[in-house]
Amino acid sequence: LDLTDAQKTQIKGILDNARTQLQALRNNMNITKQQELDQRNQLVAQTKSSIRAVLTPDQQAKADSLIKQAQDRMAAQQEKMQEQMLARLTNQLGLSDSQKSLIQSYLNDQKSQLQALKSNTSLTPQQKLEQVRTIRQQTQDKIKAALTADQQAKLDQLKQRMGNRGGRRGPGPMGGPGGGPGFGFGPMRVPRGGAGAGPLTL
């Protein structure tokens, strides 16, 4: 973005102040989790706005372009991850071509629903989080229904085996890292900021 020294100093101050406030929120035992979530998301939005105000219009346009590029790369990575996990599931459970096609359609539908949910500005972060869980649970139920009894038993064994591997990052082969494009199985990891909160980026 070709930031000037003055801009770098201003942005550093904004981020340092945001980190201090976030730490205070985490340590505040007098508010509920929902209040912490709401205040965190408000702080993130204010921080983004403050940083953008430091930038020139040209820098803002460049920042938007960089963010879009990063989002596109992440989407491509998630798509590849989904394909790899479906291939792994096919191999481990012996899915038929019709089962693969059906499960792929469920995953595509889940992806579309999550993208629409992310763009929905009428919902609170907590409501979005609840709907994310509902969508993933529905996908899980549909995928399990597409399996034979023997395949479901194998899947349960895989989940148990992966769950017993202590210290492994992420929920295993049937759930995407960080609540990504997985198959809806396993725990869903969501950032403290809730669905769609995101880091302190521009």
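How much accessible surface does the protein chain have, and what share of it belongs to carbon and sulfur atoms? The total comes to about 12200 Å², and carbon and sulfur atoms hold 50% of it. Please keep in mind that what you see is a predicted model.

Let me start with the overall layout. The protein chain has six helices and zero strands. Read from the N terminus, the order is α-α-α-α-α-α. Of the 202 residues in the protein chain, 31% are buried. Now take the contacts with a separation of 6 or more: 66% of them join residues 24 or more positions apart.

Next, helix 2. Helix 2 covers residues 33-54, which is 22 residues. From its first C-alpha to its last it reaches 32 Å, close to the 32 Å expected at 1.5 Å a residue. Its buried residues are E36, L37, R40, N41, L43, V44, T47, I51 and V54. Where do these buried residues sit around the axis of helix 2? Seen down that axis, they fall within an arc of 160°, so they line one face of the helix. What does that face pack against? The buried residues of helix 2 pack against helix 1, residues 5-27, and helix 5, residues 125-145.

V44 has 5% relative accessibility, and because the cut-off for buried is under 20%, V44 counts as buried. The C-alpha atom of V44 is 9.1 Å from that of L22, and the two residues are 22 apart along the chain.

On to helix 3. Helix 3 has 37 residues and reaches 53 Å from first C-alpha to last, close to the 54 Å expected at 1.5 Å a residue. Buried in helix 3 are Q59, A63, Q82, M85, L86, L89, T90 and L93. Just after helix 3 comes G94, with a positive phi of about 70°.

In general, nonpolar side chains in soluble globular proteins tend to be buried together. Which residues form the largest nonpolar core here? There are 12: L86, L89, L93, L95, I103, Y106, L107, I143, A146, L147, L155 and L158. Helix 3 (57-93), helix 4 (97-119) and helix 6 each supply at least two residues of this core. Apart from it lies another core, of seven residues, including L15, I51, L55 and A63.

Leaving out residues up to four places away in sequence, L93 touches L147, Q151, K154, L155 and L158.

That brings me to Q151, which is in helix 6, residues 149-163. Is Q151 buried or exposed? Q151 has 6% relative accessibility, so Q151 counts as buried. What do the polar atoms of its side chain lie beside? A polar atom of the Q151 side chain lies 3.2 Å from the backbone oxygen of L93. There is also a polar atom of that side chain 2.9 Å from the backbone nitrogen of T148. Not counting residues up to four places away in sequence, Q151 touches L93, G94, L95 and Q99.

How values were computed: Residues are numbered from 1 along each chain as its sequence is written. This is a predicted model: local features need pLDDT of at least 70, side-chain atom pairs count only at pLDDT 80 or more; totals for chains, interfaces and linings use all residues. Side-chain values use heavy atoms; hydrogens and water are left out. Helices (H or I, at least four residues) and strands (E, at least two) are DSSP runs, numbered from the N terminus. Buried means under 20% relative accessible area, exposed over 50%, partly exposed in between (1.4 Å probe, protein chains only). Contact means heavy atoms within 4.5 Å. Accessible areas come from the Shrake-Rupley method with a 1.4 Å probe; for residues, only the protein chains shown count as cover. A polar contact is a pair of N or O atoms within 3.5 Å; within protein, one must be able to donate a hydrogen and the other to accept it, and residues adjacent in sequence count only if both atoms are side-chain atoms. The expected span of a helix is 1.5 Å times one less than its number of residues. The arc is that of the directions from the helix axis to the C-beta atoms. A nonpolar core is a set of buried Ala, Val, Leu, Ile, Met, Phe, Trp, Tyr and Cys residues joined through side-chain atoms within 4.5 Å.
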